[in-house]
Amino acid sequence: VFYTLSDDYINLALQFYFTRYDEPNKFYNYTVSYSTNQPGFFTFTYNQISDQGISATVGAQYGSPLIALQYSVNSATVTPGLVLTVDTIGGTITRSNIAV
């Protein structure tokens, strides 16, 4: 867990690094970031995704009643450097890329 504090806002980043139980040689590494400076926005930055999302559903679920936003399902669209910004207020997912 990484965080920064200021008088006006809090930045929080959670980094995930794991393998699948049935495929221990495949690695997954991504970060989820949130700032109270931008309420309702979560940023997912993908660093290493062994199968590029070919066996995953990528998106976000939130709220009550439940709202689901979908980026991809079982397709090789999650590549290193992919950045997905989830706007829970506007109900959108925006894609961009960074160098990894």
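The model is predicted, so to speak, with cut-offs attached: local features need pLDDT of at least 70, side-chain atom pairs count only at pLDDT 80 or more, and totals for chains, interfaces and linings use all residues. Residues are numbered from 1 along each chain as its sequence is written, and side-chain values use heavy atoms, with hydrogens and water left out.

To begin with the overall build, the protein chain has 0 helices and 8 strands. Helices here are DSSP runs of H or I with at least four residues, strands are runs of E with at least two, and both are numbered from the N terminus. Read along the sequence, that gives the pattern β-β-β-β-β-β-β-β. The C-alpha trace spans about 45 × 30 × 25 Å along its principal axes. Of the 100 residues in the chain, 26% are buried (buried is under 20% relative accessible area, exposed is over 50%, and partly exposed is in between, with a 1.4 Å probe and protein chains only).

Next come the salt bridges, and the count is 3. A salt bridge is a side-chain nitrogen of Lys or Arg within 4 Å of a carboxyl oxygen of Asp or Glu. R20 pairs with D22, the closest N and O atoms being 3.3 Å apart. E23 also forms a salt bridge with R20, at 3.6 Å between the closest N and O atoms, and another with K26, at 3.1 Å. Shared partners join R20, D22, E23 and K26 into one network. R20 is partly exposed at 25% relative accessible area, and D22 is partly exposed at 41%. Y21, found in the loop between β2 and β3, is exposed at 80%. Y21 and F2 are 19 residues apart in sequence and 27 Å apart in space, C-alpha to C-alpha.

Then there is the greasy side of things. Y3, L5, I10, L12, L14, F16 and F18 make a nonpolar surface patch of about 650 Å². The elements giving two or more residues to this patch are β1 (2-5) and β2 (10-20), and β2 gives the most, with 5 residues. Patches are made of residues with over 30% relative accessible area and no salt bridge, with like charges joined within 9 Å and nonpolar side chains (Val, Leu, Ile, Met, Phe, Trp, Tyr) within 5 Å. The areas come from the Shrake-Rupley method with a 1.4 Å probe, and for residues only the protein chains shown count as cover. F18, in strand β2, is partly exposed at 37%.

On a 1 Å grid over the protein atoms alone, a cavity is a set of points where a 1.4 Å probe fits but cannot get out, while a pocket is an open set with protein on both sides within 12 Å along at least five of seven lines; lining residues have an atom within 4 Å of a point. Grid points are joined across faces, edges and corners, and a volume is the space filled by probe spheres set on the points. The largest pocket has a volume of about 270 Å³. Its lining has 15 residues, with Y30, Y46, A56, T57 and V58 nearest the centre. The count of cavities of 30 Å³ or more is 1. F44, Y46, V58, G59, L84, V86 and I93 line the largest cavity.
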